[in-house]
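Here are my notes for you, written as a short tour of some features you can look up for yourself. Keep the viewer open and find each residue as you read.

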Amino acid sequence: MALEKTNRINALFEFYEPLLTEKQMNYIALYYRDDYSLGEIAENYEVSRQAVYDNIRRTEKILEEYETKLQLFQRFQAQSKQTDELENYVRENYPQDGRLLAMIEQLARLEE
């Protein structure tokens, strides 16, 4: 469960990072991306562990609210799944069509 939450927050952070304050971005990046402890972050910013904890929890909530409203991550996942299904179908049924395969690969790169 903790790994799933970490992966979700990191994904949401990638989509909505520009909408956060600098402090929110820094705390979330250090905690989730760089695996810093609350104590390490608090020491770096000369604040209490509780202040860091509260900021991270508020920011997690903000990220989830952005996703609820904008659904960018959900749409990205759906589009990626459809692209994968299309690629598998083409590879299975049209393996000799290099142009079609190239177009699908180009579409997949745009998603990244």
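**Notes on helices, charges and rings**

1. Let us begin with a charged pair: Arg-33 and Glu-17 form a salt bridge, with their closest N and O atoms 3.5 Å apart. A salt bridge here is a side-chain nitrogen of Lys or Arg within 4 Å of a carboxyl oxygen of Asp or Glu. This pair links distant parts of the chain, since Arg-33 is in helix H2 and Glu-17 is in the loop between H1 and H2, 16 residues apart. Helices (H or I, at least four residues) are DSSP runs, numbered from the N terminus.

2. Before going on, please note that this is a predicted model, in which local features need pLDDT of at least 70 and side-chain atom pairs count only at pLDDT 80 or more, while totals for chains, interfaces and linings use all residues. Residues are numbered from 1 along each chain as its sequence is written, and side-chain values use heavy atoms, leaving out hydrogens and water.

3. The cut-offs are under 20% relative accessible area for buried, over 50% for exposed, and partly exposed in between (1.4 Å probe, protein chains only).

4. How many salt bridges are there in the whole structure? A search finds 6. One of them joins the side chains of Glu-64 and Arg-8, at 2.9 Å from N to O. Glu-64 lies in helix H4 and Arg-8 in helix H1, so this pair ties together parts that are 56 residues apart in sequence.

5. Arg-57 and Glu-60 also form a salt bridge, and their closest N and O atoms are 2.5 Å apart. These two are 3 residues apart in helix H4, separated by about one helical turn. Arg-57 counts as partly exposed at 26% relative accessibility, whereas Glu-60 is buried at 7%. Salt bridges that share partners join Lys-5, Arg-57 and Glu-60 into one network.

6. Now look along helix H2 (residues 22-33). At 1.5 Å a residue, its 12 residues should span 16 Å, and its end C-alpha atoms are 15 Å apart, which agrees. The expected span is 1.5 Å times one less than the number of residues. Gln-24, Tyr-27, Ile-28, Ala-29, Leu-30 and Tyr-32 are buried in H2, and the buried residues of H2 pack against H1, helix H3 (38-45) and helix H4 (49-70). Contact means heavy atoms within 4.5 Å.

7. Asn-10, in helix H1 (residues 2-16), is worth a look as well. Asn-10 is buried, with a relative accessible area of 17%. Leaving aside residues up to four places away in sequence, Asn-10 touches Tyr-32 and Arg-33.

8. Finally, the rings. Rings of Phe, Tyr and Trp (its six-membered ring) pair if their centres lie within 6.5 Å; planes under 30 degrees apart count as stacked, over 60 as edge-to-face and the rest as tilted. By this rule the count comes to 7 aromatic pairs. One of them is Tyr-27 with Tyr-45, edge-to-face at 5.1 Å centre to centre and 70° between the planes. This pair links distant parts of the chain, with Tyr-27 in helix H2 and Tyr-45 in helix H3, 18 residues apart. Tyr-27 counts as buried at 3% relative accessibility, while Tyr-45 is partly exposed at 33%.
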